[in-house]
Amino acid sequence: MSLCDLAPPYIRGIAPYVPGKPTSELARELGLSDIVKLASNENPRGASPRAIEAVRDALSDVARYPDGSGYELKRALAGRYSVAAEQIVLGNGSNDVLELAARAFLCPHSSAVYSQHAFAVYPLATQATGATGIEAPATDFAHDLGAMMAAVRADTRLVFIANPNNPTGTLLAARDLRRFLECVPRSLLVVLDEAYAEYLPDDRDDVGDAHSIGWLREFPNLIITRTFSKAYGLAGLRIGFALANAGVADLMNRVRQPFNVSSVALAAAQAALADQDFVRESRRLNEAGLAQIVAGFMRLGIEYIPSYGNFVSFKVGDANTAYQRLLRLG
Ligand SMILES: *Cc1c(COP(=O)(O)O)cnc(C)c1O
């Protein structure tokens with residue numbers, strides 16, 4: 001018997017997440033110096049100078065444990081989103097809060113529903129609890145809320161929805177999401193992952209940002225997750241958060257490690273949140289970049305999926321060959 005046999009079968013069955021290659025590794029392997037990293041949807045502008053400044057200031061106190069309650073950041077988030085501090089769960093990246101939701105609400109005799117082509121972390125977080133993952137078929141690469149509703153079983157406790165979705169960049173209309181929340185049984189939780197919310201255009205009133213947080217008042221079974229990794233440019237510091245009903249947030253906080261978010265990340269996030277000019281400029285640059293890439297696809301006759309994120313999926317003959325060739329070009 002091998003030691004690996006001691007792990008439960010659902011743990012042994014987990015397929016490892018394959019992250020984008022770090023540029024240092026690529027430089028080493030291929031001898032490249034001029035590398036443009038596009039694989040992890042980070043902010044090409046970096047982070048707000050105010051966040052970097054806050055990081056520097058926070059370094060003088062790294063001998064101390066962080067504030068495990070995240071009091072200051074929660075106060076800032078509560079003010080920005082008009083929620084109570086008790087409705088906020090801070091995470092070591094929003095991946096951490098997705099896992100907290102899974103750990104708080106799933107067990108081996110339950111299930112979670114997510115869409116085909118959705119964010120790769122949902123099946124991983126589900127499987128790590130021993131729950132059954134149910135993949136609902138997508139329609140034109142987008143979440144099909146009807147199919148997701150149909151996939152819900154009596155033992156379903158969580159439904160994961162990425163809006164916009166990674167890697168397809170597709171967006172669900174606010175009215176469709178709302179209808180889903182109205183129809184879905186209140187005995188399960190809907191995790192609405194809005195990692196790219198800050199990239200949504202300001203002037204769209206049919207999309208997530210303006211509406212979803214207001215829905216928390218009506219739907220106590222809604223969990224919204226956000227991150228500082230994308231538009232805020234703090235991916236390396238690992239910080240994200242969930243907004244939910246206070247009772248739900250309390251359960252997630254109980255399974256959270258007491259010091260899951262570092263003091264440096266807390267300070268950076270608070271400064272980044274206060275610099276909305278940086279976010280606006282990032283959104284503007286992203287809109288211009290997306291238009292540039294799409295114009296190139298059209299000129300080259302390449303099929304693509306219209307994206308609402310800071311990335312875009314497109315069709316190539318053999319994806320692995322294209323990937324290798326793009327890698328070699330840096
Ligand atoms: C990038 C991304 C996240 C954020 O992950 P972090 O752990 O916050 O860095 C969450 N959900 C989706 C869909 C993403 O693409």
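Q: Which helix holds both glutamate 182 and arginine 178?
A: This is a predicted model. Glutamate 182 and arginine 178 sit 4 residues apart, about one turn of the helix. The helix that holds both is α8.

Q: What is the N to O distance in the salt bridge of glutamate 182 and arginine 178?
A: A salt bridge needs a side-chain nitrogen of Lys or Arg within 4 Å of a carboxyl oxygen of Asp or Glu. The side chains of glutamate 182 and arginine 178 meet in such a bridge. Their N to O distance is 2.9 Å.

Q: Is arginine 178 buried, partly exposed or exposed?
A: Buried means under 20% relative accessible area, and exposed means over 50%. Arginine 178 has 25% relative accessibility. Its value falls in between, so arginine 178 counts as partly exposed.

Q: Which residue is linked with Arg178 and Glu182 in a network of salt bridges?
A: Arg178 and Glu182 already pair with each other in a salt bridge. The network of salt bridges also takes in one further residue, Glu218.

Q: What is the relative accessible area of aspartate 176?
A: Arginine 179, its salt-bridge partner, counts as partly exposed at 46% relative accessibility. Aspartate 176 is partly exposed too. Its relative accessible area is 30%.

Q: Where do glutamate 99 and arginine 103 both lie?
A: The side chains of glutamate 99 and arginine 103 meet in a salt bridge, 3.7 Å from N to O. The two residues are 4 residues apart, about one turn of the helix. Both lie in helix α5, residues 94-105.

Q: At what relative accessibility does arginine 103 count as partly exposed?
A: Glutamate 99 counts as partly exposed at 37% relative accessibility. Arginine 103 also counts as partly exposed. Its value is 42%.

Q: How many salt bridges does the structure hold?
A: The pairs above are among them, including glutamate 99 with arginine 103 and aspartate 176 with arginine 179. The count for the structure is 13.

Q: How many disulfides does a search of the whole structure find?
A: A disulfide needs a pair of cysteine sulfur atoms within 2.5 Å. Cysteine 107 is partly exposed at 38%, and cysteine 183 is exposed at 52%. The number of disulfides found is 0.

Note on methods. Residues are numbered from 1 along each chain as its sequence is written. This is a predicted model: local features need pLDDT of at least 70, side-chain atom pairs count only at pLDDT 80 or more; totals for chains, interfaces and linings use all residues. Side-chain values use heavy atoms; hydrogens and water are left out. Buried means under 20% relative accessible area, exposed over 50%, partly exposed in between (1.4 Å probe, protein chains only).
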